[in-house]
Amino acid sequence: KYGIRLDSGDLSYLSKKARKMLDEAGFTDATICASSDLDEYLIDSLKTQGAKINSWGVGTNLITSKDCPAFGGVYKLAAVEKNGTFMPKIKLSENQWKITNPGNKTIYRVYEKETGKIKADLIALVGEKYNENDPLLLFDPMATWKKTYLKAGTYTLREMLLPIIKNGECVYTSPSVMDIRAYCKQELDTLWDETRRLVNPHDVYVDLSNELFHMKRTLLDSYNGNIHQ
């Protein structure tokens, strides 16, 4: 495969001129690659302008995070194992965003059966059993009065978490780069077009299972002490 690279100037204008020159010279299958601090917004703009670019070179904006250069991580205790049983724990706060989800949990991705698109991600307790032929009730983790009811047979479930280390031993085999690429493409295809747009995209909801919701509610209702940030 052969082609040219454009890395400065007006990429839309230059790509159109280059495409015309290449085609007239008989190089109709030549690739035009563009770079120069590209991000999703600039690429979207160039496509809207009809730029004749086949390949996008994204570097700086792929490996840096300009809007959030530091990532903060905070550990919150969710459960204590006692005699092989996990005892759920919760952190309380006057700020609802800081109230944690208790228990030993796993995550399922819920797909709409008809389209194969993502309906929501579901946080559930380990050991919960699901049957796709039964209806499914989802609870919003913050606005808990908001519920989503999925009719039986209208959805599919896939557990997202995989074991990496068990008893100090690695039990996971990392897939090849091409397998990772194929998986990413497959998952991108499950996103709704409305979720993938750059301006005011629809959210992919993360909900609580019925059992986890009621466990959280029970712990909240049983609390009678002071609330700390």
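## Helix α1: length and boundaries

In this predicted model, helix α1 comprises the 14 residues 11-24.

At the start of α1, the backbone nitrogen of S12 lies within 3.2 Å of a side-chain oxygen of D10. Following α1 is G26, which has a positive phi, near 95°.

Which residues of α1 are buried? They are L11, S12, S15, A18, R19 and L22. Because these residues cover an arc of only 130° around the axis, they are placed on the same side of α1. An α-helix has 3.6 residues a turn, so residues three or four places apart point the same way.

The other side of α1 carries M21 and E24, both of which are exposed. The buried residues, in turn, pack against three elements: strand β1 (3-6), strand β2 (31-34) and helix α2 (40-48).

## The sheet

Strands β1 and β2, against which the buried residues of α1 pack, belong to an open sheet of three strands. The strand order is β1-β2-β3, and the pairing is parallel. The edges of this sheet are formed by β1 and β3 (55-56), each of which pairs on one side only.

Strands β2 and β3 run parallel and are joined by two bridges. What is the bridge partner of A34 in β3? The partner is W56.

Notes: Residues numbered from 1 in each chain as written. Predicted model: local features only at pLDDT ≥ 70, side-chain atom pairs only at ≥ 80, totals over all residues. Heavy atoms only, no water. Helix = DSSP H or I, 4+ residues; strand = E, 2+ residues; numbered from the N terminus. Expected span 1.5 Å × (residues − 1). Buried < 20%, exposed > 50% of the residue type's maximum accessible area, 1.4 Å probe, protein only. Arc of directions from axis to C-beta. Contact = heavy atoms within 4.5 Å. Polar contact = N/O pair within 3.5 Å; in protein donor to acceptor, adjacent residues only side chain to side chain. Pairing = 2+ DSSP bridges.
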